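Let's take a walk through this protein together.

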Amino acid sequence: MQSWPYPNVKHVAGFPRPLHLYDTADQKVRPVNVTPDARGEVGLYVCGITPYDSTHLGHAATYLTFDLVQRQLLANGHKVHYVQNVTDVDDPLFERAERDGVDWRELGRSQINLFRSDMEILSVIPPREFIGAMEAIDEVAEMVQKLLEVGAAYRLDKGDIYADIRATEQFGYESNLDRATMEDFFAERGGDPEREGKRDTLDALVWRGAREGEPSWHTSLGAGRPGWHVECSAIATNRLGSSFAIQGGGSDLAFPHHEFSAAHAEAALGTPRMADHYVHSGMIALNGVKMSKSLGNLVFVHKLTEQGHSADAIRVAVFADHYRADRDFSDRGLAAAEQRLARWQERLSNEVSEAEALANINELRAALADDLDTPRALRLIDQARGDHEGLFADAIDGLLGVRVFAES
């Protein structure tokens, strides 16, 4: 699947600062493992969209978080292998297409195109590999077969295959949730606890046998289609190896999605831990109310830009709060971001010494290396007295993806 164009990422002067991120599994901030894989690269996998509605700002904020991650790694001189999936085969997509009287494939294509456009507008660095579930059917079937072979999965009627949560001793380590909370989230977030015949109510579907009226593919498992969690397990590990540096997504993916995608990979491949870091971005609310399709209070990136708001102001508005926080987006906050950008333009038009500009760049690097502390980073820019031949403006662009001057 085609990604979107690579933005112009500015060179960042100053000294590299090792990136530290909060790991959901270990529940602490610690250094990112930048030990390169066999190809000399740092592996980054971020779960992508299910393309049944336009990309709203809650989605965009997650991808902006991992754009920051990639920018810090690149500025430190690391090569990054970034992979992202698209769940272009799933029940929500089919249900929306049926509701709207359109073909589910066409709906998926249109929403993927909107997503690409929004990411390009926001200058998000694209994944090297942008993989749809339909492209990975055989890969998923192969991983499910491995799960069956090691006794980590079992067959039920209708051709369905489930993974056993007891297949790995550490199940639950990624999300750190108690059983009752897992059960609640599993039922709320696409699980099927009432499915008859399962060994455990939390066991997750890894292969859905063919049903009349539903798309299916013929594989070694029989006709059917992938489960959601194992899709990411296969796509990630087939490109980044059985263990890699970072798996990322929104905080609502910590359970069940990331817990299960890790468990499936670990059981099938015999690795103790799929990702060294599990990193999650907080949820976005609109004027104090969580953005939700059911509530109809979504803010869309392309609508904001059509209204004349710049991508740079949108980024500054999102970065005003820490990425891990559940935070608010409002017209007031966007206006404040636009005013902030105007002040930066005025201040950075002043010329200061190279030493002062480099000192500011190093402080900016330090703030972002500390678990992407964007509020601190923005305050540092607020306090700058000026720039030296565009060095600081280029660093802001390179590290934050924010153009202080549109022509820079």
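**Charged pairs and the overall fold**

Start with R211, which makes a salt bridge with D160; their closest N and O atoms sit 2.8 Å apart. R211 is in the loop between β8 and β9, while D160 is in the loop between β6 and β7, so this pair ties together parts that are 51 residues apart in sequence. Keep in mind that this is a predicted model.

What is going on in a pair like this? Side chains of opposite charge can pair when their charged atoms come close. And are these two buried or exposed? R211 counts as buried at 19% relative accessibility, just under the 20% cut-off, and D160 is buried too, at 1%.

Now hop over to helix α5, where R179 and E183 are four residues apart, or about one helical turn. They form a salt bridge as well, with the closest N and O atoms 2.8 Å apart. Here E183 is partly exposed at 34%, and so is R179 at 36%.

The whole structure has 29 salt bridges.

Time to zoom out. The chain has 13 helices and 15 strands. Its radius of gyration is 22 Å, close to the 22 Å that the globule rule gives for 408 residues, so the chain is as compact as a globular protein of that length. Buried residues make up 57% of the 408.

Methods: Residues numbered from 1 in each chain as written. Predicted model: local features only at pLDDT ≥ 70, side-chain atom pairs only at ≥ 80, totals over all residues. Heavy atoms only, no water. Helix = DSSP H or I, 4+ residues; strand = E, 2+ residues; numbered from the N terminus. Rg over C-alpha atoms; globule rule 2.2 N^0.38 Å. Buried < 20%, exposed > 50% of the residue type's maximum accessible area, 1.4 Å probe, protein only. Salt bridge = Lys/Arg side-chain N within 4 Å of Asp/Glu carboxyl O.
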